[in-house]
Amino acid sequence: MNRRNFIEKTTLTAAGLGLASALPARSDTSRPAPSDSLNIALIGCRNMGFGILQHHLSNPGVNCVALCDIDDTVLNEKAAEVKKKFNQTPRLYKDFRKVLEQKDIDAVIIGTPDHWHCYIMVSALQAGKDVYCEKPMANSIAECNIMVKAAERYKRVVQIGQQQRSGYIFQKATDLVKNGSLGKLRKVNIWANFEYGAGQKPVPDSPVPAGVDFDMWLGPAPKRSFNPTRYHGSWRHFWDYGGGLVSDWGVHLLDIGLWAGNITAPPQKVLVYGGNTFHEPRSRETFDSMSVIYPYKDFVINYDVTGGVQKGPYDMPYGIEIIGDNGTIFVDRNKLSLYPEWDAAAKKPRTEEIRYTEGKESHNEHVKNFIECIKTRNKTACPPETGRAAALHVHIPNIAARVGESMLIWDDVNNRFTNSEAANALITPAYREPWVLPSF
Ligand SMILES: NC(=O)c1ccc[n+]([C@@H]2O[C@H](COP(=O)([O-])OP(=O)(O)OC[C@H]3O[C@@H](n4cnc5c(N)ncnc54)[C@H](O)[C@@H]3O)[C@@H](O)[C@H]2O)c1
């Protein structure tokens with residue numbers, strides 16, 4: 001089935017899928033919503049942040065007016081690329097606080113490691129900027145809570161970088177569940193097997209590279225020596241900065257299970273195995289192997305993670321299997337297959353077989369949705385509360401494994417675990433001075 005047939009058959013449009021539900025226009029801001037032009041700043045430029053910036057700049061009227069990174073090499077390389085590809089000359093910064101003083105900035109992209117997301121996002125909201133914040137929304141439960149409250153208080157447009165929410169293929173998958181094609185939802189199986197999840201080979205500490213403000217890279221995280229395996233890209237495997245493969249891919253993939261199952265809140269209960277099963281010593285604090293069960297009222301999500309390998313079911317390193325009474329959907333970022341169950345009495349499949357390949361890039365769609373919402377002041381495809389639900393689905397099992405609990409019960413009203421004080425001690429990070437956890 002090609003894309004055109006698929007769209008005609010399902011008669012679904014992006015608008016019909018409820019990508020942007022209507023919210024009242026903003027009324028409390030001194031700056032008018034931009035109409036023809038949009039000035040963007042990027043904080044954290046190396047990898048994903050720069051990709052997201054480029055998606056912004058491929059839209060008419062979008063200007064890059066500031067780039068900020070603590071690493072001069074990254075900053076200068078990206079500034080040269082912006083000049084070459086887009087003929088734009090942003091102002092360059094090493095301190096994001098100075099960026100937020102620049103008055104002509106409408107929106108900020110946060111592409112730093114996870115431990116910085118909360119502080120920078122709250123500061124940007126306070127400065128009156130809209131925010132595209134990369135996923136996972138934050139590196140702790142408390143920071144996620146703060147970010148939801150801050151977005152509500154300052155009434156800014158916020159998009160969390162779970163771009164699969166804007167991916168047509170995932171909209172289709174979740175729609176097949178919601179419109180009854182799959183029958184009653186029974187189970188969602190999710191896996192993420194990636195070589196990088198084992199971490200890098202250990203190397204000794206070394207001096208901080210020239211042109212790097214490493215203290216500003218650490219920010220609110222504890223002071224630590226410099227090691228390249230805990231820096232650009234590989235920070236993911238250290239608790240003070242990220243949540244390992246479990247959280248890196250988990251927020252994307254679990255988000256689809258939550259969407260399919262109509263779950264908008266954190267899990268009440270998780271059953272967890274977390275351990276290290278990779279055969280070589282690696283530079284890593286997070287777990288290379290994790291199995292998590294999320295029991296819901298009448299269905300279950302299973303999430304399985306293996307670092308150090310790159311193969312999995314359906315010959316894919318990652319994927320989502322959605323099982324209903326009428327069939328099973330397999331979906332990844334490019335393919336969707338619906339395998340129907342056989343109705344023996346009626347002598348026919350219980351639902352229509354589907355094979356579909358997606359051609360569109362979801363980051364681009366997610367950015368377009370953000371730009372549209374900046375103009376309309378509508379709610380984005382992935383607002384903070386959706387980011388929080390996904391993030392707590394990875395932080396809670398990580399906390400369980402860290403404190404050696406095979407089961408945790410989460411009380412979302414009182415924001416605490418009811419069965420482990422050791423787990424409660426990991427809800428809120430201790431910020432290193434002079435940084436102070438924003439309070440709401
Ligand atoms: N949505 C996706 O598919 C996707 C994919 C990859 C990464 N990400 C997310 O994007 C974020 C960045 O990941 P990455 O792979 O690009 O990491 P990275 O380490 O490659 O880049 C992070 C950049 O932030 C800079 N930085 C750190 N602290 C800073 C500060 N205080 N001020 C300014 N710059 C600072 C670093 O110097 C570096 O250039 C993470 O939250 C990650 O989870 C999302």
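Colleague: What should I know about the model before I start?

Modeller: It is a predicted model, in which local features need pLDDT of at least 70, side-chain atom pairs count only at pLDDT 80 or more, and totals for chains, interfaces and linings use all residues. Residues are numbered from 1 along each chain as its sequence is written, and side-chain values use heavy atoms, with hydrogens and water left out.

Colleague: How many of the residues of helix 7 are buried?

Modeller: Buried means under 20% relative accessible area, exposed over 50%, and partly exposed in between, with a 1.4 Å probe and protein chains only. Helices (H or I, at least four residues) and strands (E, at least two) are DSSP runs, numbered from the N terminus. In helix 7, which spans residues 168-178, ten of the eleven residues are buried, and among them are Tyr 168, Phe 170, Gln 171, Lys 172 and Asp 175. After helix 7 comes Gly 180, whose phi is positive, near 90°.

Colleague: Where is Gln 162, and which side chain does Gln 162 join in a polar contact?

Modeller: Gln 162 sits in the loop between strand 6 (158-160) and helix 7. A polar contact is a pair of N or O atoms within 3.5 Å; within protein, one must be able to donate a hydrogen and the other to accept it, and residues adjacent in sequence count only if both atoms are side-chain atoms. The side chain of Gln 162 has such a contact, of 3.0 Å, with the side chain of Asp 255, and Gln 162 counts as buried because its relative accessible area is 0%.

Colleague: How much space lies in the largest pocket?

Modeller: Rolling a probe the size of a water molecule over the atoms shows where empty space is left. On a 1 Å grid over the protein atoms alone, a pocket is an open set of points where a 1.4 Å probe fits, with protein on both sides within 12 Å along at least five of seven lines, and lining residues have an atom within 4 Å of a point. Grid points are joined across faces, edges and corners, and a volume is the space filled by probe spheres set on the points. Here the largest pocket holds about 640 Å³, and of its 36 lining residues the closest to the centre are Met 48, Gly 111, Thr 112, Pro 113 and Trp 235.

Colleague: Which helix gives the most to the lining of the largest pocket?

Modeller: Helix 9 does, with three residues, while helix 2 (48-57), helix 5 (117-126), helix 8 (214-218) and helix 9 (244-260) each supply at least two. By class, the lining has 15 nonpolar, twelve polar and nine charged residues, where Ala, Val, Leu, Ile, Met, Phe, Trp, Tyr, Cys and Pro count as nonpolar, Asp, Glu, Lys and Arg as charged, and the others, Gly among them, as polar.

Colleague: How many residues surround the ligand?

Modeller: A residue is near a molecule if one of its heavy atoms lies within 4 Å of it. The ligand has 29 residues around it, the closest being Arg 46, Asp 69, Asp 114, Lys 135 and Trp 235. A polar backbone atom of Met 48 is 2.9 Å from an oxygen atom of the ligand, and a polar side-chain atom of Trp 116 is 3.1 Å from a nitrogen atom of the ligand. Of the 850 Å² of accessible area that the ligand has on its own, the protein covers 96%, with areas taken from the Shrake-Rupley method and a 1.4 Å probe; for residues, only the protein chains shown count as cover.

Colleague: Is Asn 262 buried or exposed, and what about Arg 377?

Modeller: Asn 262, in the loop between helix 9 and strand 8 (269-275), is exposed because its relative accessible area is 58%. Arg 377, in the loop between helix 10 (362-376) and helix 11 (384-403), counts as buried because its relative accessibility is 6%.
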